[in-house]
Amino acid sequence: MTGTGRRSTAPSLPGGADLQIVRIGEYLDWVANGTSYGWLSDEQVQADALVQLRGTGLLVAGSRPVRLTTEGAQWLATRDPAELFRALHANILYFGEMLSLLIERERRVEELLDEANTRFQLGWRSADQVRRRLALLTQLSLVEEAGERRHRGTPAGIAALATVELQDAVSAAPRELELELPAMPDEIHEHLELARADPGRRVAAIGYFPQDRLAFISYVLRVASNGADLGELTSDAAERFSIAASSARSALNTVKQLGLIGYTGRTEVTTTPLGHAWLEVPSALNFIRIAHARYQCVGEVIPLLASVDSSASVHRRLTFAGERVPHQSRTATVIRWFIEAGGVEEIGSRYRATAFGRLISDELPLSQMSGQPSDSGAQVPVLPEENEFHSLARELVEASTDSAEPGRFEAAAAQAFQLLGLHAKRVGGPGSTDVVVEVRAGFELLARVVVDTKSAASGEVQESAVSFNSISDHAKKHSADYKLVVGPSFGGRLAKWASEQGIALLTAEDLAEMLLKHRETPWSPGELVNLFAGGARAEIEAAYETSERQRSLVAAVLEELVLETGEGGESITPRDIYRALRKQAGLSPTEGEIREVLEFLAAPIVGAVREDRGSFALVESPSTTGLRLRGLARVFDSRGR
């Protein structure tokens with residue numbers, strides 16, 4: 001008799017449809033025997049595979065470390081297709097039932113999808129789950145192709161089907177799973193209780209994470225467990241995860257914001273007790289628990305998925321504390337976290353909370369939500385706050401692989417160029433370019449650019465997806481000086497062909513990284529022209545490094561002023577500061593550069609220091625000066641939008 005807790009989602013592991021059974025075997029072998037496989041060398045891939053195989057009857061539910069069930073161990077030893085079929089059928093809806101339909105008569109994928117929805121009420125909007133089951137049954141030699149895109153059961157399939165009991169259409173509909181959540185570590189529980197007692201601790205803005213989020217957190221916490229220099233940790237993390245130092249700094253700030261690391265000195269950080277709790281069980285579930293304690297509207301998305309099924313609809317019904325409503329992509333990110341943890345399943349472009357997700361939500365302290373769409377309708381903040389840059393950076397990367405909704409990537413790219421301070425207009429439509437960008441310095445037009453966005457579910461734009469002739473036609477139509485293609489990555493000979501055609505290529509990751517850099521150290525319009533001239537990209541990085549060095553020099557001079565003079569203390573000369581900083585790695589400033597910084601800080605509109613006969617001293621807390629400068633920045637922001 002099949003269990004009542006059959007899941008509606010069939011597993012999908014890396015490697016394509018033809019390798020699913022092979023990958024299941026390799027994962028079980030890795031769990032049981034520690035056998036090394038290349039695709040399992042990454043911690044994030046390991047975690048994703050666990051999510052996919054949880055609830056298939058092959059792994060013991062909630063066990064730490066992960067262990068095989070009796071059925072999983074038996075199949076690993078025998079590799080008998082019938083044994084694996086029985087285990088999967090007992091735990092996955094519409095598995096043996098679909099095989100039965102294919103034994104009854106030949107069917108196409110579309111017919112199998114129709115049966116799933118009409119007879120078994122599974123509510124699938126795409127054929128993805130049908131294809132997953134077909135791939136597994138075909139590799140087990142229980143189903144074969146019959147020509148004309150049809151499939152049929154094999155003699156082996158008939159024999160295997162005789163060993164299981166099928167559910168009828170009514171009883172096979174999804175039911176509440178009899179599940180238990182893995183135990184919550186005490187430190188995480190205390191963290192959530194603090195959030196329950198003081199909801200104001202939770203903030204709306206989610207910081208930046210690199211693509212391998214869970215692996216990044218684990219790496220940082222392991223390195224910092226015995227204390228680490230922040231500068232060295234930043235450099236090491238940037239190199240290990242192939243991101244810029246500025247991105248690594250942003251990500252480390254987010255890890256600190258979550259309460260996983262803390263400062264023990266001016267430049268030293270260490271893993272907190274909460275961070276050590278994460279290291280014991282670095283799961284997607286525990287990440288959600290920690291994130292919910294820090295961020296608004298995390299667990300709150302699950303109850304809303306009972307009445308709506310898109311990230312946009314969920315976002316409109318969430319209530320965020322504070323004046324600014326985050327971008328919709330922020331809610332899409334939270335939903336992705338739940339998909340990783342097995343709390344939400346994706347059905348085409350729609351989402352549905354799982355029984356596991358409802359259990360997660362039930363254990364979290366939820367805030368009150370309106371449950372109705374926001375009246376304002378405006379989801380993008382008026383001013384370019386940090387959350388907008390970070391949210392859009394995430395949206396760019398995610399939208400670049402959402403080939404089902406190409407308009408999503410077009411919109412994200414247009415908004416990215418706008419945040420870079422450029423004039424960007426989304427055009428779109430058949431026979432048209434996607435975005436037209438104008439680079440202006442005041443009233444002077446420096447350059448006009450046509451931008452084509454290419455999303456690809458595989459993460460790589462193929463040669464056949466780019467029409468260089470069409471792009472050239474678009475450039476003529478809009479009298480453009482430059483041509484640019486933005487995509488997740490570019491395969492084959494695209495880079496060579498684009499160079500020959502005078503077309504620049506830019507990855508979504510690079511554009512996202514530029515947004516984060518621009519927020520910290522903005523480029524001028526003149527410098528950004530080089531973004532569209534493929535051979536001049538290095539000049540953009542050089543301009544950024546120069547600006548970043550200037551910013552670092554201001555920080556270093558301020559630090560010396562705080563250490564040596566304090567508020568209202570004795571004065572210090574540029575020469576004194578030069579002696580302290582001349583050997584500092586990455587700076588090596590001249591005395592003239594230090595004097596320029598001090599004169600800037602002494603300007604009446606800044607008012608941070610006073611000058612007395614060539615010597616300088618702080619007159620107020622740097623945080624007070626920061627408030628004054630932020631007020632000035634708001635004047636510029638309000639005039640620039």
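Biologist: How many bridges join S2 to strand S3?

Modeller: Strands are DSSP runs of E with at least two residues, helices are runs of H or I with at least four, and both are numbered from the N terminus; two strands pair if DSSP finds at least two bridges between them. Here four bridges join S2 to S3 (residues 150-153), and these strands run antiparallel, with His151 in S3 as the bridge partner of Glu145. The model is predicted, so local features need pLDDT of at least 70 and side-chain atom pairs count only at pLDDT 80 or more, whereas totals for chains, interfaces and linings use all residues. Residues are numbered from 1 along each chain as its sequence is written, and side-chain values use heavy atoms, with hydrogens and water left out.

Biologist: In what order do the three strands form the open sheet?

Modeller: The order is S1-S3-S2, with antiparallel pairing, and the edge strands, each pairing on one side only, are S1 (107-108) and S2 (143-147).

Biologist: Which residue forms a salt bridge with Glu110?

Modeller: A salt bridge is a side-chain nitrogen of Lys or Arg within 4 Å of a carboxyl oxygen of Asp or Glu, and Glu110 forms one with Arg149, their closest N and O atoms being 2.6 Å apart. Because Glu110 lies in helix H6 (residues 109-118) and Arg149 in the loop between S2 and S3, the pair ties together parts that are 39 residues apart in sequence.

Biologist: Is Arg149 buried or exposed?

Modeller: Buried means under 20% relative accessible area, exposed over 50%, and partly exposed in between (1.4 Å probe, protein chains only); Arg149, at 52%, is therefore exposed, while Glu110, at 42%, counts as partly exposed.
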